[in-house]
Every structure is written in C-alpha cells, then in structure tokens.
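Hi,

Here is the structure I promised to pass on.

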Amino acid sequence: KMKGMFYFGYDNYMKYAFPEDESNININDVLGNVIPGSLISAHILLTDSKHPFGDVGMDDYDNELLHLAHDLAVRLLPAFENTSTGIPHPRVNLKSGVSPDSINETCTSGAGSLMVEFGILSRLIGDSTFEWVARRAVPALWNLRSNETGLLGNVGNIQTGQWVGMQSGLGAGMDSFLEYLLKSYILRESCNEGEGDPPLYVNVNMFNGQIINTWIDSLQAFFPGLLVLNGGVEEAICTHAFYYAIWKRFGALSERCNWQLQAPDVLFYPLRPELVESTYLLYQATKHPLYLHVGLDILESLEKKDKVWCGYATLHHMVDKSKEDRMESFFLSETCKYLYLLFDEDNPLHKSENKYIFTTEGHVVPIDARFREKQWNDLFPCEERVVTDQETSNGSFSINNSNCDRVSEEPRYSLPLKSVYMRQIDHMVGLF
C-alpha cells in the first residue's frame, strides 16, 4: 500500500508539476535536498561493489553524478567568502555568487548543517576544501553560545556574530544543526520511572533559559529519532509518545502547537516526515509492534485526509480539513520512504552488512572507513582529540550519561511506556 501511495504521488507530480519546484536557492536546502545529497548518495550506491540494494550499477557509469555534485559544491563556495565569522551567507546565486545586497542573517540549522554532505564529498574527490569550510562553520556557531546558559539562538548575523533570534529549542532554525552534530560524529538518558510531568523540550531565551513562548513546532518531532541514534531509547520513547498524542488528537501534526492552550497555533500540515522518521528509528531499535501501529495510523490518515485526484495535498487547516494546491517534495523523498521502510522488514537496508545513516533530507549514505579516517590533520589543529576505546571503557568519557538500561526483550509486546505515563501525555495534549 505504501509503495502504491508513493507512485500515485510521484506519477502525478511528473504528469502535472515537473519540473516546477522552489526556485530560490537556500544553501542548506540545496545541500541537503536533491542536490548534491542525492547525487552523492546515488553515486556511492552505484559504485558499491557489494551491491547491497541489488544490482543497480550501470556498465557505462563514469562518476557523472559525483562530477555534478562537485560542480554544484564549487558554485556554493562563494557563500563561505567575505564572512567575518566563518558562518556562511544564507543565499547564493549559482551563476554569479553572493549578491552585494545579500542579507547577513542566517538560521543556525542552515549554517551548521553542512558537515555530512560536504565532508563526504571531500573524501570522495580528495579535496579538503569543502570539508574545511563546513567544519569551520560549526565551531564558529558554537563559540557564540551564551556564557550564562551555554545555549545558542536560532538566527544570527554572519558578520557581527550577534544573535538576532534569541529563541533556543529543538524546532525550526535549530533542528538539523543538532541532528548533524551527532550524525557527523557517527560518520567520522532518562528512565521511564518516577512521578512528574511528561518530558517536553520548550523554547527558551538563550541568554537566561527562561521560557520564551508556549509553542512547539512539528520539526521537533525529529528529536526522538536522534535520541535513538545516541542510545537514549528510553527518553526517545517518552518524547515520541508526546508527538504521537498530538497526531492522535488531530490526525496530523500542526506546524505549531501551543502546549499551554492544548491547541494548534499554526493550523496547516505540509505532510512533514519527522514523526514518521522517529517512528521508524524507534521500531528499528525496539522492534515493538506499537510503532507499526503508529505507522499504520499515519498512513491511513494521509490516505483519508490528504489524498486528492492528482497526488497528496498539504492540509491547510487541521480542524476543517481544507487543503492547499501543493505537494511538498519531501513527502515523496522522506515521508513515503520512512513509512515504506518501517513496514519492509526484508529491505536490503536492514539486511546489509554495511551500516548506514540518513542525511537530514533522507538520502542514504554508508558509514564507510573512507569518511572516518583523518586525512587533513594539519587543517584542523584545534579539534578535540579522538577518544580511545580504553578511555570509553574505563568511564573517562561517555557519549550517553544515562544510567538507564536499554529496552529489553521482555516488555516487547506490552506498551513500551507505562500506561500511567501514556495517560498523562494524552491528557497534556487535551485528548481527554
């Protein structure tokens, strides 16, 4: 059924909309979306002699996709020039470079989410330039964090280093920066016990830690999946349950939901993938059938409320279920992909001897020795030293400071979260 949904959306896009897409070039969107993330991912799959996804090779393939990715990355390099902080410009013209009147304000996620694609490209072509500019941006942002709280804002000025947006949280403007801090590390815990409110990461002022507003946004639903990748499965279960409770109430995840008023602030739903991605990763970590149920619930909601004669439409209003004349590209490239993988137990991705991560736009890249070995030590003299296996084993260093045990096999067929906590979360979003 999921495969049918994808082809219904894709075929109608090709019939009625191709090649239309957003024409404004935002550096993070270009890097993470179809170009060059998909170019690099496809190149790696085509040239993998092990053929983990079947024989997808081409006899006459001569690295054309890699050349295209390289060409695009070169055109993006002007974004990293003439910036006093090392943080890249937010917009670049692929023909002429950065406009003289270009704005100097960029979001944290846009500027700090370049390491995976640029890092892999550098390793594939043997040119450190792209990895170097991407790495330079991360500590440039990190060094601007508040001395009082250690938090970063969500919008900053690339020339002055001053924060324009002082909101710190997990959602828009911050999400993929946090995601790529961990995924870059991979490529190169709280317990379900006790009393108190369900877990909720709120938006705060980066300078004093005070709550800055009472809404969360749908992009934050990526965070349970990130917790899974870091080994924090217990906390991921709790956090995921909160976002799914919102879905159960409205049949979608609104762009913004006011947790104090228990109501959506921004009422549209553009078929985003973040909740599906976290559901998929939690199922891979626990194999708990609840997450198959969650996936089926989401799938059936999409079929019932978003399907139209020519594809799947953005839900304009979550209450009256009116629609917009638009289907975002990430619905096909991410939402459908994660739903399909959730149900496809025998997918080569799950059976392969190789290990993989997904980029922030859902492209598959292998965790390969080519991308992990240090090649340009002299270019990055200030980086932290590598933690040895001995230091990790004797407790000197730890990625995950939780004392919780991992999810065991025993409770697999009961709720992964105690029913009392499920009721608390349901009550928190106004389900009863």
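Predicted model: local features only at pLDDT ≥ 70, side-chain atom pairs only at ≥ 80, totals over all residues.

**The annotated residue**

To find Thr 360, go to the loop that runs between strand E11 (356-358) and strand E12 (364-366). Is Thr 360 buried or exposed? Its relative accessibility is 14%, and the cut-off for buried is under 20%, so Thr 360 counts as buried. Setting aside neighbours within four places in sequence, Thr 360 is in contact with Ser 176, Glu 179, Tyr 180 and Glu 334. With Glu 179 there is also a polar contact between the two side chains, at 2.8 Å.

**Two helices side by side**

The crossing of H1 past H13 is left-handed. Which residues meet there? From H1 they are Met 2, Lys 3, Phe 6, Gly 9 and Tyr 10, and from H13 they are Leu 332, Cys 336, Leu 339 and Tyr 340.

**A threonine in H13**

While you have H13 on screen, pick out Thr 335, which is in that helix. Thr 335 has a relative accessible area of 0%, so it is buried. A polar atom of the Thr 335 side chain lies 2.8 Å from the backbone oxygen of Leu 271. Leu 271 is also among the contacts of Thr 335 once neighbours within four places in sequence are left aside; the others are Arg 272, Pro 273, Val 276, Leu 302 and Phe 330.

**A serine in H11**

Last one: Ser 278, in helix H11 (residues 274-286). Here too the relative accessibility is 0%, so Ser 278 counts as buried. What lies 2.6 Å from a polar atom of the Ser 278 side chain? That is the backbone oxygen of Ala 221. Not counting residues up to four places away in sequence, Ser 278 touches Ala 221, Phe 222, Phe 223, Pro 224, Gly 225 and His 240.

Cheers

Conventions: Residues numbered from 1 in each chain as written. Heavy atoms only, no water. Helix = DSSP H or I, 4+ residues; strand = E, 2+ residues; numbered from the N terminus. Buried < 20%, exposed > 50% of the residue type's maximum accessible area, 1.4 Å probe, protein only. Contact = heavy atoms within 4.5 Å. Polar contact = N/O pair within 3.5 Å; in protein donor to acceptor, adjacent residues only side chain to side chain. Left-handed = near helix turned anticlockwise from the far one by under 90°.
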